[in-house]
Amino acid sequence: MELDKLKFSIVLTIFSAMTVLYAVAYDPLDPHGSINIKWDILSWTPDGYVAVVLMNNFQMYRQIMSPGWTLGWTWAKKEVIWSMVGAQATDQGDCSNFKGNIPHCCKRNPTVVDLLPGVPKTQQYSDCCKGGVLASWGQEPTAAVSSFQLSVGLSGTSNTTVALPQNFFLLGPGPGYTCSAATIVSPSVFFSSDGQRKTQAMMSWTVTCSYSQILVSKNPSCCVSLSSFYNSKITPCPSCSCGCQNNENTSCVMSNSRISSVVKPSTSMLECTSHMCPIRVHWHVKANYKEYWRVKITVTNFNYRKNFTLWTLVAQHPNLNNVTRVYSFLYKSLMLFNTLNDTAMFYGNKKYNDMLLEAGLNGNVQSEILLGKDMSRFTLEHGWGFPSRIYFDGDECVMPPPDSYPSLPNSAPFSPTASSTPAIFLILILLAFRCSLF
């Protein structure tokens with residue numbers, strides 16, 4: 001009996017561990033978000049093929065910022081890359097066996113990056129040359145695509161002799177993505193510019209890369225603070241939300257320190273705070289009108305060495321189904337379910353506030369949101385005015401504990417009905433006393 005209990009305990013532990021491993025990659029606010037990579041062989045060559053690699057960022061609010069994506073894989077045979085358009089391999093490798101025409105890359109595990117804007121047109125391909133920056137699908141689908149062309153040799157020249165690359169990895173720009181094995185799919189179909197001719201790829205395969213915040217860092221990257229017009233109390237980010245100042249792996253400088261002027265630009269440097277997060281999101285309940293209420297959101301960057309480009313902010317609150325106006329951010333509702341519309345994405349206007357600058361006087365962006373009231377649901381009691389979740393750049397922020405939220409004053413609301421009852425009762429007594437005199 002004891003042995004059976006031990007076996008059951010072991011199985012339960014293993015199952016729980018597997019559940020956790022799979023759960024960390026699941027985002028409940030973007031359950032289908034992933035980066036899809038598709039290879040299409042367009043033509044055969046004497047020793048290989050010409051293929052187009054298309055990368056689609058189907059994540060609703062997680063983008064790839066500068067310095068951009070890095071894609072790598074391992075060849076199944078002894079393939080080489082003869083040439084590339086729209087991207088380049090970072091290392092040519094050992095090509096000493098080739099005497100005449102030298103390949104672009106001879107490494108068995110090539111690493112590929114996007115080209116920078118402004119390269120000559122002869123090196124460009126459609127949707128290339130953005131420095132590896134990919135917008136999120138929710139922000140701008142046309143900017144969430146990147147592609148390049150490559151000519152592969154020593155690979156086989158038919159569907160039966162070509163072997164799929166293995167061990168795909170994606171950096172965006174750092175760790176966080178886990179890629180599946182390549183899977184053969186139905187050949188892609190292409191239409192001519194006039195739409196009258198249809199062609200198809202010789203062979204196609206796809207790779208899906210999913211993001212997990214826990215692979216980036218063991219600590220969160222942002223936190224949330226709260227305040228309101230009806231309470232002077234400000235609820236700060238929880239202490240050590242993203243680490244502690246005395247942690248060996250965490251270094252910081254005081255906000256008035258001059259050390260930032262001498263530290264190497266490549267060094268990450270945070271301002272010393274109680275929360276030690278690079279990003280703080282502050283949610284302030286600003287005003288309460290008869291038919292509307294107003295919220296102010298401020299995002300502050302505490303990193304002295306990093307700008308956040310194409311940033312996104314996602315909030316979950318029951319009244320986000322009735323957003324009336326957003327003043328200086330762009331806004332998009334994220335309808336997770338047909339009957340539930342409580343999640344919204346906010347992001348900056350191009351060339352105005354779509355870049356969150358490094359820590360300092362200009363290291364913040366802010367906006368106000370006007371929300372309509374549904375009187376059957378609206379209340380400011382019990383912390384209802386504050387969000388249940390906040391995400392910045394796709395990572396979930398640490399929220400304060402609910403019992404620390406700013407609360408309403410303890411005074412009871414004025415009730416005309418209740419206050420008039422004693423007066424009515426007194427009038428009835430006086431009338432009865434008067435009638436008894438006659």
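## Cys 240

Cys 240 counts as partly exposed because its relative accessibility is 35%, and partly exposed covers the range between under 20% for buried and over 50% for exposed. This comes from a predicted model.

The backbone of Cys 240 has a positive phi, near 60°, in a residue other than glycine. Cys 240 lies in the loop between β15 (231–235) and β16 (252–253).

## Asn 167

Asn 167 also has a positive phi as a residue other than glycine, with a value near 50°. Whereas Cys 240 is in a loop, Asn 167 belongs to strand β8.

Is the side of the cut-off on which Asn 167 falls buried or exposed? Asn 167 has a relative accessibility of 55% and therefore counts as exposed, since exposed means over 50%.

## Cis peptide bond at Pro 173

Strand β8 spans 166–171, and the loop between β8 and β9 (177–179) holds Pro 173. The peptide bond that joins Gly 172 and Pro 173 is cis. Its omega is about -10°.

## Cis peptide bond at Pro 67

Another cis peptide bond runs from Ser 66 to Pro 67. Omega for this bond is near 15°.

Where is Pro 67 placed? Pro 67 sits in the loop between β2 and β3, strands that cover 48–57 and 70–74.

Technical notes
Residues numbered from 1 in each chain as written. Predicted model: local features only at pLDDT ≥ 70, side-chain atom pairs only at ≥ 80, totals over all residues. Heavy atoms only, no water. Helix = DSSP H or I, 4+ residues; strand = E, 2+ residues; numbered from the N terminus. Buried < 20%, exposed > 50% of the residue type's maximum accessible area, 1.4 Å probe, protein only.
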